[in-house]
Amino acid sequence: GLAYNDVDVLFVMPSASGDEDESAVKIINASDVAVDIYELIGEGKYDVVVEKFYIDETDPAQAEKLRSYITSILSEKIAPQIAEKGGLAKVEAINEVLSEDGKSAKVDVKLTYNDGSEDTNNVDMVYTESGEWKASVNK
């Protein structure tokens, strides 16, 4: 009976910790979103990228302006810089500093280009009321 119990314990333990892991996977942190943003810029999906920025919707006209402003920066400034270096080979978050209240974060994102060069960009992130991390725009 002892051997059976040992096996039983082995099966019980991993499934218990496995549940915790699954719920942890659902937590998207600031770094994930920052990395996502650059990967999407690299793919030219600006309309998707814009949704990952925090845009105050109280004034729809202002929100629309901000959307076009972000899109133009992405497509006219950032994308050409990426293209010049042969595109993105790898995007990784190398550091994340969370504010004391947990409502904002600074993420250092390291970009490795296909020509072998590297850049590190700092992204300011905010935790929105809807429970998502978004990039904040500092104009």
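Lys 134 is buried (under 20% relative accessible area, with exposed meaning over 50% and partly exposed in between, for a 1.4 Å probe and protein chains only) yet makes no salt bridge, and the nearest side chain of opposite charge, Glu 132, sits 4.1 Å away. A salt bridge here needs a side-chain nitrogen of Lys or Arg within 4 Å of a carboxyl oxygen of Asp or Glu; for charge, Lys and Arg count as positive and Asp and Glu as negative, while His and the chain ends are not counted. The model is a predicted one, so local features need pLDDT of at least 70 and side-chain atom pairs count only at pLDDT 80 or more, whereas totals for chains, interfaces and linings use all residues. Residues are numbered from 1 along each chain as its sequence is written, and side-chain values use heavy atoms, with hydrogens and water left out.

What does the side chain of Lys 134 have at 2.7 Å from one of its polar atoms? That is the backbone oxygen of Glu 51. Lys 134 itself belongs to strand β4 (residues 133-135); strands (E, at least two residues) and helices (H or I, at least four) are DSSP runs, numbered from the N terminus. Beyond neighbours within four places in sequence, its contacts (heavy atoms within 4.5 Å) include Phe 53, Tyr 54, Met 125 and Val 126.

Strands β1 (residues 88-98) and β2 (residues 104-113) pair antiparallel over nine bridges, pairing being called when DSSP finds at least two bridges between two strands. Lys 90 faces Thr 112 of β2, and among the five residues between these strands, Gly 102 has a positive phi near 75°. β2 also pairs antiparallel with β3 (residues 118-127), again over nine bridges, with Thr 120 in β3 as the bridge partner of Lys 110. The β2-β3 hairpin has four residues between its strands, and Gly 116 there takes a positive phi near 95°.

The structure holds 10 salt bridges. In one of them, Glu 43 meets Lys 45 at 3.0 Å, N to O. Another joins Arg 67 and Glu 57 at 2.7 Å; Arg 67 lies in helix α4 (residues 60-84) and Glu 57 in the loop between α3 (46-50) and α4, so the pair ties together parts 10 residues apart in sequence. Arg 67 is buried at 18% relative accessibility, while Glu 57 is partly exposed at 44%. Glu 92 and Lys 110 also form a salt bridge, their closest N and O atoms 4.0 Å apart. Glu 92 is in β1 and Lys 110 in β2, so this pair links parts 18 residues apart in sequence. Shared partners join Glu 51, Glu 57, Glu 64 and Arg 67 into one salt-bridge network.

Methods. Polar contact = N/O pair within 3.5 Å; in protein donor to acceptor, adjacent residues only side chain to side chain.
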